[in-house]
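Biologist: I would like to learn how to read a model of this kind. Please take me through it feature by feature.

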Amino acid sequence: MSTLPDTTLQRADLRLDPEWIIPIQPAGLTLQQHSVLIRDGRIVALLPRADAETLWRADVVQALPGQLLMPGLVNLHCHAAMSLMRGLADDLPLMTWLQQHIWPAEGRHVSDAFVYDGSLLACAEMLRAGVTCFNDMYFFPEATARAARAVGMRAAIGLIVMDFPTPYASDPEDYLAKGLAMRDAMRDSSSDDGLLSFCMAPHAPYTVGNKSFERIVTLAEELELPIHLHLHETTEEIATSLQQHGLRPLARMQSLGVLGPRLIAVHAVHLTPQEIDLLARHGASVAHCPSSNLKLASGFAPVAAMLEAGVNLGLGTDGAASNNRLDLLGEMRTASLLAKAVANRADALPAHATLHAATLAGARALGLESEIGSIEVGKAADLIAIDLSPDGHQPALRPLYQPASQLVYAAGREHVSHVWVAGQALMQARDLLPGAFSDLNSRVDLWQNRLVAEFD
Ligand SMILES: [Zn+2]
């Protein structure tokens, strides 16, 4: 009970009182009986509950008994709109899946409306799984940007580039011109909420030529953007590169200036020890997508070796057509288990390191580490609560010895209870704010009917 007069109290909009807090930074820490205070969308204090009660006056105090508060998850690799192709073509290897199923379907159906509806569907699924920020690569990126903005999610929108024509663009110059115009339009918009950032997004070494890569590197430097690229996903990709360029893809990217701290290498499954060192020495990031790599039989990424070498490793879901869940909480568990099996070491990718990969490492890859990824004063209040409460309804989460372990190895996305982005509540007690999602189900049905008609 405070005896101080009100004028000496510091003011906040919101105080969150969870059972546990995992701030991610400092590493390995789990706090109990602490509170987070939020003002104007930013974290203004993280301190013991007793101090929060005596030193701060919050307009709203939200008790979160039995719940764990942590930074929102960062999905470092996604094709959000592909959620409309979830389950369309399963049990196929990457190139068959792409060339015979996904690319033909995209050629006939992908449009601004398709991408907007697919991205909204993905946002709904991701929010319910605790994802507050996603890094996207897809056609009609302005539609994904509009969907993220309508929902209030944070997103890094890719300026996609390929050397061949699609319904979105005719050639590399056209892709780049459209991407740059999209970025300008979203930044100039009166509804700019500061939640969107951008990446150069050349699709892959096998779909983008040297000339395009050189232009992309120049633009990335000028505009200070990350380069989001599928790289070393399959052995076939590497064999083709050796045939066509006489170089493995990573060596080719190095010769073109793509390899550096801006690079987000997606998948990075097949790497020699020298290539792991190369990624680490150049400060590159990797977006590890374990479920997609398993489902497309692409292989097993050397996660423990990358982390030991110092590679910044985040986690991604990839698109729903190759996963089929946009469930980053699930990816945490898969990544941790798989890393142990691949390294033949049970201590590979332990729980706290997995949580770091799913939050701060992703933020760092996107150049957003001073904004999100940990619960620290000054950062945006992108937060999630996970219900670990001992109320008898969750036998799968009882007993509870170590909250971090419980979260990574036992909890699922169904236990995410609350989501805030920049202090705005987007999900409360598992209810999403309805606004942007009204009528979405009927539009998804329409898209399903169109795609089914195509393939029957
Ligand atoms: Zn992908």
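**Reading the domains and helices**

Modeller: Start with the domains: the C-alpha centres of domain 1 and domain 2 lie 30 Å apart. The bounds come from an automatic or database domain assignment, which gives domain 1 as 6–71 + 383–421 and domain 2 as 73–365. This is a predicted model, in which local features need pLDDT of at least 70, side-chain atom pairs count only at pLDDT 80 or more, and totals for chains, interfaces and linings use all residues. Residues are numbered from 1 along each chain as its sequence is written.

Biologist: How many residues of domain 1 are in contact with domain 2?

Modeller: Two residues are in contact if their C-beta atoms, placed from the backbone, lie within 7 Å. Here 18 residues of domain 1 touch 23 residues of domain 2. On the domain 1 side, β5 (56–71), α14 (403–410) and β15 (416–421) each give two or more residues, and α14 gives the largest share, four residues. Helices (H or I, at least four residues) and strands (E, at least two) are DSSP runs, numbered from the N terminus.

Biologist: Which residues of helix α4 are buried?

Modeller: A residue is buried if 20 or more other C-beta atoms lie within 10 Å of its own, exposed if 12 or fewer, and partly exposed in between, with C-beta atoms placed from the backbone. In α4, the buried residues are P141, A143, T144, A145, R146, A147, A148 and V151. That is eight of the eleven residues of the helix (residues 141–151), so α4 is largely enclosed by the rest of the structure. Its cover includes α3 (112–128), β7 (131–136), β8 (154–161), α5 (172–188) and β9 (196–202). After α4 comes G152, with a positive phi near 90 degrees.

Biologist: What should I look for in α2?

Modeller: An α-helix has 3.6 residues a turn, so residues three or four places apart point the same way. In α2, the buried residues are L94, L98, I102, A105 and E106.

Biologist: Where does the kink in α2 lie?

Modeller: The bend at a residue is the angle between axes fitted to the seven residues ending there and the seven starting there. Helix α2 (residues 94–109) has a kink of about 35 degrees at I102, shortly before the proline P104.

Biologist: And the chain as a whole?

Modeller: Its secondary structure comes to 15 helices and 17 strands. Of its 456 residues, 53% count as buried.
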